[in-house]
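Subject: Structure handover

Hello,

Here is the structure I promised to pass on. Please open it first, then read my notes below.

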Amino acid sequence: MESIRILLVGNGGREHTLAWKLSQSPRVESIIAVPGNGGTANCPKVSNDSSVKADDYPGLVALAKKHNINLVVPGPEAPLVDGIQDYFREADIACYGPSKLAARLEGSKAFSKDFMKKYNIPTAAYENFTDYEEARKYIDSVSHNVVIKASGLAAGKGVIIPTSKEEAHQGLKDIMLDREFGAAGDEVVIEEFLEGDELSILTFCDGYNMYSLPAAQDHKRIFDGDQGPNTGGMGCYAPIPIATQKLIEEIERTVLEPTLRGMRKERTPFIGTLFTGLMITKNGPKTLEYNVRFGDPETQTLLPLLSEDTDLAEIMLLCTQGSLDEAKIKIDQKFSATVVVAAGGYPGSYAKGTPMEVSTPPAGSNIFHAGTVVKDGQLQTSGGRVIAAQAVAETLEQAVKDAYTTVELIKFDKMFYRKDIAHRAFRASSSAKEALTYASAGVSIDAGNNFVERIRKAVLSTRRPGADAEIGGFGGEIDLEAAGYAGAPTVVMCIDGIGTKLAIAQAMEKHDTVGIDLVAMNVNDLIVAGAEPLGFVDYYGCSQLKLKNAADFVESVANGCKDANSALVGGETAEMPGMYQGDDYDAAGCAMGVVKKENRLPRTDLMAEGDVLIGLASAGVHSNGFSLVRKIIAREGLSYKDDACPWDPSTTVGENLLTPTRIYVRSLQPVVQKHLVTGLAHITGGGLTENVPRMLPSHLAAEIDVATWQLPEVFKWLKNAGNVEASEMARAFNTGIGMVAVVKKENVEQVVRELTESGEKVYTIGKLIKRSGEGCELRNLDSWN
């Protein structure tokens with residue numbers, strides 16, 4: 001058989017991995033990498049060549065002829081979209097990759113989406129736009145979350161996944177007006193945001209036949225927990241647990257086979273590697289995008305799974321000849337993981353030319369270079385994604401562990417990498433933990449609701465003129481005028497405690513914040529009724545009075561009262577030996593306020609379908625759900641005082657959890673007095689699920705999209721560590737929203753502006769709908785998983 005001489009175009013981690021695997025072929029005589037990198041420079045059979053630029057296609061043809069090249073392998077997408085395959089076809093040199101017309105599957109998002117629609121390939125609902133104003137209006141017109149994609153090539157970064165309308169508008173402006181991705185953003189695709197698990201399938205294609213590698217899952221975001229801006233990819237693993245044989249067969253039947261058929265019908269048969277990005281939704285696989293080349297870092301993850309005797313060069317050559325069915329392809333039944341190491345600052349600005357030291361990895365592991373170069377004998381950084389550590393093992397857990405061990409062999413200043421590669425795969429292992437609930441922590445919301453119903457009759461028996469003695473609202477009211485005091489306003493009273501957050505204060509020996517919580521829990525309930533807080537009284541019960549603890553506590557109550565513009569008018573301190581143990585204490589408080597009749601809330605008579613729900617951000621867990629919080633902390637073996645906080649390493653667990661409840665009184669009073677809101681709900685015990693319906697009439701319900709704000713890090717950690725169901729999170733915690741307001745559409749802009757100017761972080765989270773079941777319907781709970 002004729003020897004194979006390869007021209008490899010590119011200089012990234014993908015190209016180093018391709019060179020590594022191609023060089024193992026007994027048929028490969030030589031590989032010229034243009035321009036190559038520090039890794040390809042040391043690959044067997046490989047030589048770097050920078051005499052011709054990677055986008056000088058006539059120059060590459062001349063180079064290929066000079067060295068008698070008989071297989072060209074373009075790595076990146078740009079040469080393929082430019083039509084490199086056509087140049088070499090005219091020169092009668094085999095090129096592994098699609099034609100320029102076929103490469104439109106990646107080169108134009110608009111073309112690929114229209115292609116999917118034409119050939120009934122499942123994908124998200126979408127629209128294409130070349131006019132900014134039309135695109136902006138479309139975003140305002142849809143109720144579902146969107147993904148905004150620059151239609152042209154943007155080095156894998158031209159996708160924005162906004163979490164709010166405001167972010168969507170900013171992202172659209174960045175792409176179309178500010179031209180963040182250059183000409184790639186002249187046209188955008190705006191599509192429905194799909195929920196589910198994302199995976200990638202890389203498929204060898206010869207135009208008719210296909211062979212797919214194991215399903216892989218990459219990590220696009222820069223930070224752990226899939227946070228921060230998009231990157232070219234910070235890590236990858238394969239195969240992924242959800243990719244069952246049944247699912248792969250469905251993907252081949254509904255996506256891959258129709259794609260190859262469609263390309264033939266378009267008279268542009270697809271030859272090369274087809275990269276298909278998919279979302280596995282509850283309604284089956286949906287196609288996110290096509291790429292027309294090997295992915296990065298998928299290539300680094302998948303090629304090491306090819307058996308040693310699988311000849312990649314022969315596979316590529318057979319694809320160019322329409323004979324993929326003759327290839328011998330074998331996949332090792334193992335797992336592979338890749339950790340990408342980036343330069344500090346990436347994907348923003350970063351340094352180049354930083355000296356590097358890289359040691360030889362052990363058997364089963366590899367180090368693949370990307371943004372590296374050798375200058376004067378010294379390996380240096382030359383890009384954002386610098387290098388990757390990869391490992392193959394019998395289990396995914398071991399592969400990930402070995403990959404991170406291999407990272408330790410890489411040394412350069414300000415190197416950065418994610419610490420949670422494959423975290424989504426390990427969700428399954430967390431299901432082995434007991435799924436904790438508020439009830440399992442000793443607090444039953446249902447029992448509390450039943451208690452209210454049980455005492456309702458007794459409470460009603462106390463009614464008198466001015467007070468209907470109806471319970472279930474956020475505060476109790478006395479209409480002084482109806483009680484016989486002419487011209488007097490309505491008095492609103494609230495009473496509440498701090499709950500088991502006090503146990504954390506006692507463990508931390510820190511009592512100078514929980515008094516603020518006590519005030520907040522009461523005065524936030526007053527403003528919900530439209531009332532202005534005037535006076536506050538507190539109760540402090542203990543076994544034996546400890547001066548410093550009690551003084552710190554009362555001083556923090558005073559601080560809360562000042563924040564709420566309420567006087568601390570009295571209190572009670574009770575020493576009760578035998579009732580409490582050691583330094584334990586409990587506290588309660590009562591707030592009194594007044595409201596003029598015209599400002600009284602909620603105005604259920606004014607509420608209507610389509611009214612907008614505005615959410616005000618919380619400052620953390622606030623003062624509810626701590627029995628469940630404490631159970632999760634205990635099960636994880638964490639110390640409040642000594643352990644760094646897993647969701648905020650800058651502080652301890654206890655200090656973070658003692659962040660005081662936010663007081664919303666001063667921010668909300670102006671919009672209440674201007675009659676700009678028709679209802680308010682303080683999100684306390686019972687979460688959104690139980691509290692929002694308390695302000696609504698019986699014929700209306702709240703429809704809230706929980707994907708319109710980011711679940712705060714503390715709640716992400718609690719959910720994962722406690723294996724808490726999303727619906728339980730919404731019932732036990734505030735989940736990032738401390739107050740919800742009902743606002744007429746015409747007032748939304750003013751309310752958002754005034755609250756923002758008052759220092760609140762404000763989200764548009766939903767709307768009122770006709771009630772057909774529950775009083776609060778939560779959408780996109782899967783976004784919390």
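The C-alpha centres of domain 2 and domain 3 lie 25 Å apart. Domain bounds come from an automatic or database domain assignment. Their contact (heavy atoms within 4.5 Å) takes 11 residues from domain 2 and 10 residues from domain 3.

A word on the model. It is predicted: local features need pLDDT of at least 70, side-chain atom pairs count only at pLDDT 80 or more, and totals for chains, interfaces and linings use all residues. Residues are numbered from 1 along each chain as its sequence is written, and side-chain values use heavy atoms, with hydrogens and water left out.

Back to the interface. Domain 2 spans 101–108 + 195–333, and domain 3 spans 125–193. About 770 Å² is buried between them, and carbon and sulfur atoms give 43% of that. Buried area is the accessible area (1.4 Å probe) that two parts lose on being put together, summed over both. Glu-195, Asn-230 and Leu-288 supply 41% of what domain 2 buries against domain 3, more than any other three residues.

Next, the cores. A nonpolar core is a set of buried Ala, Val, Leu, Ile, Met, Phe, Trp, Tyr and Cys residues joined through side-chain atoms within 4.5 Å. Buried means under 20% relative accessible area, exposed over 50%, partly exposed in between (1.4 Å probe, protein chains only). The largest core has 99 residues; Leu-657, Leu-680, Val-692 and Ile-704 have the most contacts inside it. Helix 16 (residues 514–528) gives the largest share, 9 residues. Helices (H or I, at least four residues) and strands (E, at least two) are DSSP runs, numbered from the N terminus. Domain 5 (475–600) and domain 6 (601–784) each give this core at least three residues. A second, separate core has 69 residues, including Ala-103, Val-339, Tyr-404 and Ala-425.

Last, helix 22 (residues 713–722). Here 8 of its 10 residues are buried, so helix 22 is largely enclosed by the rest of the structure. Among the buried ones are Phe-715, Trp-717 and Leu-718, but also Lys-716 and Lys-719. Their cover includes strand 13 (227–230), helix 18 (626–635), helix 19 (653–657) and helix 23 (726–732). Just after helix 22, Asn-723 takes a positive phi of about 50°.

Best wishes
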